[in-house]
Amino acid sequence: MLSIRDLTVRYRTSQGPVHAVDSASFSVPRGEVVGLVGESGCGKTTVARAVMGVVPRTADILGGPVLFEGRDLIRLSERERRALRWKEMAFIPQTAMNALDPVYRVGRQIEEVLVERGGRSRSQARARAEELFALVGIDARRLDDYPHQFSGGMKQRASIAMALALEPKLVLADEPVTALDVIVQRQVLDVLKELQARLRLSVVLVTHDISVVAYACDRVVVMYAGRVVESGRVGDVLERPRHPYTMGLNNAFPDLERAAGELVPIEGSPPNLLDPPKGCRFAPRCPFAEARCVAEEPPLRTEVDGHAAACWRSDEAAALRPLAGEAATWRR
Ligand SMILES: Nc1ncnc2c1ncn2[C@@H]1O[C@H](COP(=O)(O)OP(=O)(O)OP(=O)(O)O)[C@@H](O)[C@H]1O
């Protein structure tokens, strides 16, 4: 469905180029939810925006191809791109506040997409908007509300409804549940998962929260400092991580089994992408880094089960995992 190969994105700034995404490769199979996870600033949003073709003017997209059903998205004209948006692929931007315009009634905004982009008549659009609200579990009477009359969870559901208006095959959702409390997060993810399964949608779900990945995704792509450091099926990657960064993320977020008191943060912060470190970008924060990690960048190596990791020590992962589970390992 979507195949991203060697995607590189740089932002031009007065201080020089920011290497936001470096040679990222991954695929999104039909009917699967792929989580794109990593700390803030790792390049997740830039990947999603590059796929959708909504990057700022200061961004240079290099590499590729980014193939969506055989077409290279990064080489399409603006016109060809517009023809795909909403109908073939839809974007739910970070926080629904950006998706919904505060001055128009929510229903009217969904109807606009149906009329302007989908060529429906006004009455068809209204009927479809009611159907879409039913799909995401909101009473159709609320179509006449303004966004500020909605709770955070309802806004997020409404933006999912809007994204699904013209039955796209691919949805990219950027931190769709981040601003919500845990119970509402689950409700929104349940709606998304239910629709995804029913409509056989492919979804890219951008999140910094690995517990969201565990809950809602089939596959995961872990990004660190603009690079893909690990990817594979969620069960494999989260239960048997091969990259120390994924091991660290696993410790740093609560899950259902672990008490909040046992969370272990990864000390330090991601590198400045104006001047990323030469070897493995995680090496300065990695408790297992050796001389070669600092000297040379490890390639993303795929094992037979499709589980890939970019770590010189990934063959030792089974021995490193128990160490990574101990708080003392991460303390400086
Ligand atoms: N318009 C821009 N100009 C310059 N640098 C940018 C721009 N947008 C993002 N960046 C930089 O590119 C890198 C990747 O940012 P991006 O927003 O893609 O990361 P992210 O993982 O999605 O983080 P977040 O969750 O905070 O959005 C960061 O270093 C960020 O500071």
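What radius of gyration would a compact globule with 332 residues have, and what does the protein have?

**View 1. The whole protein at a glance.** A compact globule of 332 residues would have a radius of gyration near 20 Å, and the protein agrees with its 20 Å (taken over C-alpha atoms; the globule rule is 2.2 Å times the number of residues to the power 0.38). Please keep in mind that this is a predicted model: local features need pLDDT of at least 70, side-chain atom pairs count only at pLDDT 80 or more, and totals for chains, interfaces and linings use all residues. Residues are numbered from 1 along each chain as its sequence is written. The C-alpha trace spans about 65 × 45 × 40 Å along its principal axes. There are 13 helices and 13 strands in the protein (DSSP runs numbered from the N terminus, helices being H or I of at least four residues and strands E of at least two).

**View 2**

**View 3. An open sheet of eight strands.** Follow the order β7-β8-β9-β3-β10-β11-β13-β12, in which the pairing is mixed (two strands pair if DSSP finds at least two bridges between them). At the edges stand β7 (89-92) and β12 (301-302), each with a single partner strand, so one side of each has no neighbour in the sheet. Helix α1 packs on this sheet, touching β3 (33-37), β7, β8 (170-174), β9 (202-207) and β10 (contact means C-beta atoms, placed from the backbone, within 7 Å).

**View 4. Where β10 meets β11.** Strands β10 (residues 219-224) and β11 (residues 227-233) run antiparallel and are joined by six bridges. Look for Val221, whose bridge partner in β11 is Ser231.

**View 5. Glu262 in its loop.** Glu262 sits in the loop between α10 (244-252) and α11 (291-295). This residue is exposed, because 11 other C-beta atoms lie within 10 Å (exposed means 12 or fewer, with C-beta atoms placed from the backbone). Between the C-alpha atoms of Glu262 and Arg285, 23 residues apart along the chain, the separation is 20 Å.

Notes: A residue is buried if 20 or more other C-beta atoms lie within 10 Å of its own, exposed if 12 or fewer, and partly exposed in between; C-beta atoms are placed from the backbone. Two residues are in contact if their C-beta atoms, placed from the backbone, lie within 7 Å. Axes are lines fitted to C-alpha atoms, for helices over the stretch in contact, and angles run from 0 to 180 degrees between N-to-C directions.
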